[in-house]
Amino acid sequence: PTPPDKGDVRAAMRVLAALGCVDPPPEGSGGDGTITRLGRSAASLPLGVRHAKMLLVGAQAGVLDYAVAAVAVLSEQAPFLRHGGGADAADADGADDGAPDDPDRRARAAREKERRASVAARWL
């Protein structure tokens, strides 16, 4: 494998230092810095460092459930679009079969709307 570019490594270290995951090395030392307690904890989670810090800070502040929801949404590329394509793929009613005036479809849409409202009420 090819080693990473030194500029990329320095940029990554600046990000880690800005997040508080490493203490920056003394100026001119050429060292890598020292990993902090936050950095060790973040490294133990199977997430990117930014998302890991969000969860750790949320847990420390007593709002882990909100932090989990935020990280889940931010982890998605397009959290408000359904994947799979098609004209009905992004419909808010969650049903993609049946005619628009089909009573079964309307019932499914109403149940899905209630379910989403219940989920939103728990998180908001």
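This section describes the fold, the helix packing and selected residues of a predicted model.

The chain has 124 residues. Its secondary structure comes to 5 helices and 2 strands. Along the sequence, these elements follow the pattern α-β-β-α-α-α-α. Of the 124 residues, 13% count as buried. The accessible surface comes to about 9300 Å². Carbon and sulfur atoms account for 58% of that surface. Among contacts with a separation of 6 or more, 14% involve residues 24 or more positions apart.

Two helix pairs were examined, both involving helix 3. Two packed helices are described by the angle between their axes and the distance between the axes. Helix 1 spans residues 6-19, and helix 3 spans residues 49-61. These two helices pack at an angle of about 10°, and their axes are 11 Å apart. Angles under 35 degrees count as roughly parallel. Helix 1 and helix 3 are therefore roughly parallel to each other. On the helix 1 side, the contact is made by Val15, Leu16 and Leu19. On the helix 3 side, Val49, Arg50 and Lys53 meet them. By class, this contact of helix 1 with helix 3 has 4 nonpolar, no polar and 2 charged residues.

Helix 3 also packs against helix 4, which covers residues 64-75. Here the angle is about 165°, with the axes 8 Å apart. Angles over 145 degrees count as roughly antiparallel. The pair formed by helix 3 and helix 4 is therefore roughly antiparallel. The crossing of helix 3 and helix 4 is right-handed. Helix 3 contributes His51, Met54, Leu55, Gly58 and Ala59 to the contact. From helix 4 come Leu64, Ala67, Val68, Ala70, Val71, Leu74 and Ser75. The residues of this contact of helix 3 with helix 4 divide into 9 nonpolar, 3 polar and no charged.

Individual positions were then considered. Thr36 lies in the loop between strand 2 (34-35) and helix 2 (37-43). The relative accessibility of Thr36 is 13%. The cut-off for buried is under 20%, so Thr36 counts as buried. Beyond its neighbours within four places in sequence, Thr36 is in contact with Gly20, Cys21, Val22 and Asp23.

Leu45 sits in the loop between helix 2 and helix 3. With a relative accessible area of 27%, Leu45 is partly exposed. Leaving aside neighbours within four places in sequence, Leu45 is in contact with Ala52 and Leu56. Leu45 and Leu56 are 11 residues apart along the chain. Their C-alpha atoms are separated by 9.5 Å.

Ser41 belongs to helix 2. Its relative accessible area is 28%, so Ser41 is partly exposed. Ser41 and Lys53 are 12 residues apart in sequence. In space, the C-alpha atoms of Ser41 and Lys53 are 8.5 Å apart.

Asp65 is found in helix 4. Asp65 is partly exposed, with a relative accessible area of 37%. Asp65 and Leu55 are 10 residues apart in sequence, and 8.9 Å separates their C-alpha atoms.

Definitions and conventions: Residues numbered from 1 in each chain as written. Predicted model: local features only at pLDDT ≥ 70, side-chain atom pairs only at ≥ 80, totals over all residues. Heavy atoms only, no water. Axes fitted to C-alpha atoms, helices over the stretch in contact; angles between N-to-C directions. Helix = DSSP H or I, 4+ residues; strand = E, 2+ residues; numbered from the N terminus. Parallel < 35°, antiparallel > 145°, perpendicular 65-115°, else oblique. Contact = heavy atoms within 4.5 Å. Nonpolar A, V, L, I, M, F, W, Y, C, P; charged D, E, K, R; others polar. Buried < 20%, exposed > 50% of the residue type's maximum accessible area, 1.4 Å probe, protein only. Areas by Shrake-Rupley, 256 points an atom, 1.4 Å probe, with all protein chains shown as cover. Left-handed = near helix turned anticlockwise from the far one by under 90°.
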